[in-house]
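Please look over the sequence and the structure first.

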Amino acid sequence: MAWDVRGKTVVVTGATSGIGLEASAQLAGLGAAVTMVGRDPARTSAAAAEVTRRAGSAPVTTLLCDFASQAAIRRLASEIHERHDRLDVLVNNAGAVNKTRRVTSDGIEATFAVNHLGYFLLTNLVTDLLTRSAPARVVTVASVGHRAGTMDFDDLGYERGYSIMKAYQRSKLGNVLFAHELARRLADVGVTSNALHPGAVDTNIWSGAPLWARPIIALALRPFFISAERGGERITELVADPALEGVTGAYFEDGKRVEPAPLVRDQDLARRLWDVSEQLVGLGTHS
Ligand SMILES: NC(=O)c1ccc[n+]([C@@H]2O[C@H](COP(=O)([O-])OP(=O)(O)OC[C@H]3O[C@@H](n4cnc5c(N)ncnc54)[C@H](OP(=O)(O)O)[C@@H]3O)[C@@H](O)[C@H]2O)c1
């Protein structure tokens with residue numbers, strides 16, 4: 001049986017494709033009022049139309065945000081506040097890989113900016129709504145790749161030695177550290193924070209791989225991929241499983257609760273990443 005999400009306000013980022021689209025359809029099908037966040041107007045409308053068609057009568061709305069821009073994330077948070085006086089669930093899911101090193105208009109390496117700082121800034125800007133709506137849930141889509149991630153505060157954006165995987169793994173380690181630190185910070189207010197690896201899922205994210213890697217993915221990995229629908233279910237479970245009431249600071253891989261990388265248990269590291277992230281997005285003592 002599912003936690004009753006009927007009528008609950010759920011925001012899903014990265015809702016235009018892959019597991020975010022599937023989770024949006026599943027949650028709308030359970031009766032949640034889903035706001036699908038996309039960056040491209042046409043893709044976002046098309047995804048919302050698909051979810052509406054698949055889910056029936058549940059109200060589906062859309063908002064736009066390119067998570068590579070902190071100004072856009074601030075606009076998104078303002079629009080969420082304008083539209084909603086409560087927020088029961090935030091699903092941080094929008095993510096990408098970058099074959100070559102790119103720097104955003106805020107001067108930050110794009111993978112870290114979108115995948116980690118995007119989650120961090122949006123969540124912080126809507127924590128008041130989540131707290132007001134307690135019991136509420138934050139679900140952070142990380143990756144098993146976090147296990148290979150490292151955190152070097154002297155060169156967070158890989159000015160030296162950039163590679164697509166190293167940048168991705170660091171951003172995903174950031175996700176799990178963030179989800180755990182958020183759980184600690186919100187422990188007393190009824191907002192849970194958990195992270196997950198959805199499995200290796202057949203989605204558009206793999207089209208961001210370099211040309212040389214694509215045959216390897218197609219031949220060696222794709223046979224083991226799960227469908228986007230199944231990957232979406234992994235998100236839906238964390239949003240709607242009644243057994244997870246009050247469970248916080250947990251990490252799930254392929255649907256099972258497991259220990260994350262040992263680095264994630266380093267609370268000093270998690271606190272330091274939080275402080276540095278605050279500085280990079282202009283929050284906290286710096287706002
Ligand atoms: N697929 C896997 O095997 C796998 C494994 C572990 C973790 N994950 C995680 O799952 C999450 C979803 O990925 P997916 O596999 O479903 O891939 P996907 O099909 O490529 O979906 C990614 C979503 O994120 C959005 N997005 C990317 N960059 C964005 C930006 N700058 N601003 C706003 N939205 C942006 C995409 O929007 P557009 O449609 O506009 O591109 C899309 O909606 C990611 O966080 C990824 O790290 C995936």
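## Strand pairing

Methionine 36 stands opposite threonine 62 in β3. The model is predicted.

Strands of a sheet pair through backbone hydrogen bonds, and the sense can be parallel or antiparallel. Here 8 strands build an open sheet. Their order is β3-β2-β1-β4-β5-β6-β7-β8, with mixed pairing. The edges are β3 (60-64) and β8 (256-258), and each of them pairs on one side only. On average, neighbouring strands of this sheet are turned by 25° against each other, with direction ignored.

## Helices across the sheet

Helix α1 lies across β1 (9-13), β2, β3 and β4 (89-92). Its direction is about 165° to β1.

Helix α5 (residues 164-185) lies across β5 (136-141), β6 (191-197) and β7 (251-253). The angle between α5 and β6 is about 160°.

## Nonpolar core

How many residues does the largest nonpolar core have? The count is 80. Val10, Val34, Val91 and Val239 have the most contacts inside this core. Helix α4 (residues 110-132) gives the most to the core, with 12 residues.

Valine 239 shows how such contacts reach across the sequence. Neighbours within four places are left aside here. The contacts of valine 239 are then Val5, Val10, Leu27, Val89, Val91, Arg137 and Val139. Two of these partners, Val10 and Val91, are also named among the core residues with the most contacts.

## Ligand shell

The shell around the ligand holds 29 residues. Gly14, Gly18, Gly95, Thr203 and Ile205 come nearest. Helix α1 (residues 18-29) supplies the largest share of the shell, 3 residues. That is the helix lying across β1, β2, β3 and β4.

What is the make-up of the shell by class? It has 13 nonpolar, 12 polar and 4 charged residues.

## An exposed loop proline

Proline 223 sits in the loop between α6 (214-221) and α7 (228-240). Is proline 223 buried or exposed? It counts as exposed, because it has 7 C-beta neighbours inside 10 Å and the cut-off for exposed is 12 or fewer.

Proline 223 and glycine 249 are 26 residues apart in sequence. In space, the C-alpha to C-alpha distance between them is 32 Å.

Conventions. Residues numbered from 1 in each chain as written. Predicted model: local features only at pLDDT ≥ 70, side-chain atom pairs only at ≥ 80, totals over all residues. Core = buried A, V, L, I, M, F, W, Y, C linked by C-beta atoms within 7 Å. Buried ≥ 20, exposed ≤ 12 C-beta atoms within 10 Å, placed from the backbone. Helix = DSSP H or I, 4+ residues; strand = E, 2+ residues; numbered from the N terminus. Contact = placed C-beta atoms within 7 Å. Near = placed C-beta within 6 Å. Nonpolar A, V, L, I, M, F, W, Y, C, P; charged D, E, K, R; others polar. Pairing = 2+ DSSP bridges. Axes fitted to C-alpha atoms, helices over the stretch in contact; angles between N-to-C directions.
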